[in-house]
Amino acid sequence: MGTQHSTPVPNEDDWLFEHGPPSPPLSSALPPKQKGDTYDFCMLKNSWNTKKRNAIQEQLGLEFRLMDSQSCLVLYNDEPLVVLQEAPQKRIYICSFTPATTNQSSCGSFQDSPLYKWAVVSKRKESHQFDMTTKSDGAVYASEFYGRVLGKRKVLLLRTGLICATMERRGNFEYKCRVGPGIDPVLVACFVACRDEIHKGEMKILEEKSYILPRRPDLVFHS
């Protein structure tokens, strides 16, 4: 029960499977739920950059606040919780103020407090899908599409091959998310934000390239 999905659409049994051993949650105030219980919340598309009031603030107490062109601060009830930091090769690091492993070295700091890599989100080559690997247990989270709602693709998140979360677009500006038992809801929310940011960066590059016109073969300059 809940160990695999035989159809493109998750069924209720998938939410009865308790993933484990659970990794330490990014916020101890939002621990992973137990068998049969889920976290259900909504968050805006491009939460990293939006200035609009985000539903996830009321539902999970999380706020995404842009710091600069490459980093975003995630707050929990107005307290700094996570830093999202862009890295080369279409990757984003999810960094916590608490080490993910024993004797872990700091990867930086924020307001003189050390930061530690908690997970990395990356885009698969030649694909529209994303992966996330957690530092504490080496678990791999992988996204895949399943079905559509009003033309919008729904996204399934698998942890080591088992369904752990879903993300469903509602209109053009919001996701409806469900997080299964034993899975850190803050980690999933950060994954959604990172996924959007990497995709947005790709679209920006394509837009910039579209304005570069090829040189005419009948126009020549000599230095």
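Reader: What makes Asp137 count as partly exposed?

Author: Asp137 has a relative accessibility of 34%. Buried means under 20% relative accessible area, exposed over 50%, and partly exposed in between, with a 1.4 Å probe and protein chains only. So 34% puts Asp137 in the partly exposed class. This is a predicted model, where local features need pLDDT of at least 70, side-chain atom pairs count only at pLDDT 80 or more, and totals for chains, interfaces and linings use all residues. Residues are numbered from 1 along each chain as its sequence is written, and side-chain values use heavy atoms, without hydrogens and water.

Reader: Why are Asp137 and Arg159 called a salt bridge?

Author: The term needs a side-chain nitrogen of Lys or Arg within 4 Å of a carboxyl oxygen of Asp or Glu. Here the N to O distance is 2.9 Å, so the pair qualifies. The two residues sit 22 residues apart: Asp137 in the loop between β8 (130-134) and β9 (140-149), Arg159 in strand β10 (residues 152-159). Strands (E, at least two residues) and helices (H or I, at least four) are DSSP runs, numbered from the N terminus. Arg159 is buried, at 8%.

Reader: How many salt bridges does the structure hold?

Author: Five. Among them is Asp131 with Arg124, whose closest N and O atoms are 2.9 Å apart. Arg124 is partly exposed, at 27%.

Reader: What makes Glu197 and Lys200 a salt bridge?

Author: Their closest N and O atoms are 3.7 Å apart. That is within the limit, so the name applies. Both lie in helix α2 (residues 185-210), three residues apart, or about one helical turn. Glu197 is buried at 8%, while Lys200 is partly exposed at 33%.

Reader: What joins the side chains of Gln129 and Ser143?

Author: A polar contact of 2.8 Å. That term means a pair of N or O atoms within 3.5 Å; within protein, one must be able to donate a hydrogen and the other to accept it, and residues adjacent in sequence count only if both atoms are side-chain atoms. The Gln129 side chain also reaches the backbone nitrogen of Glu144, at 3.4 Å.
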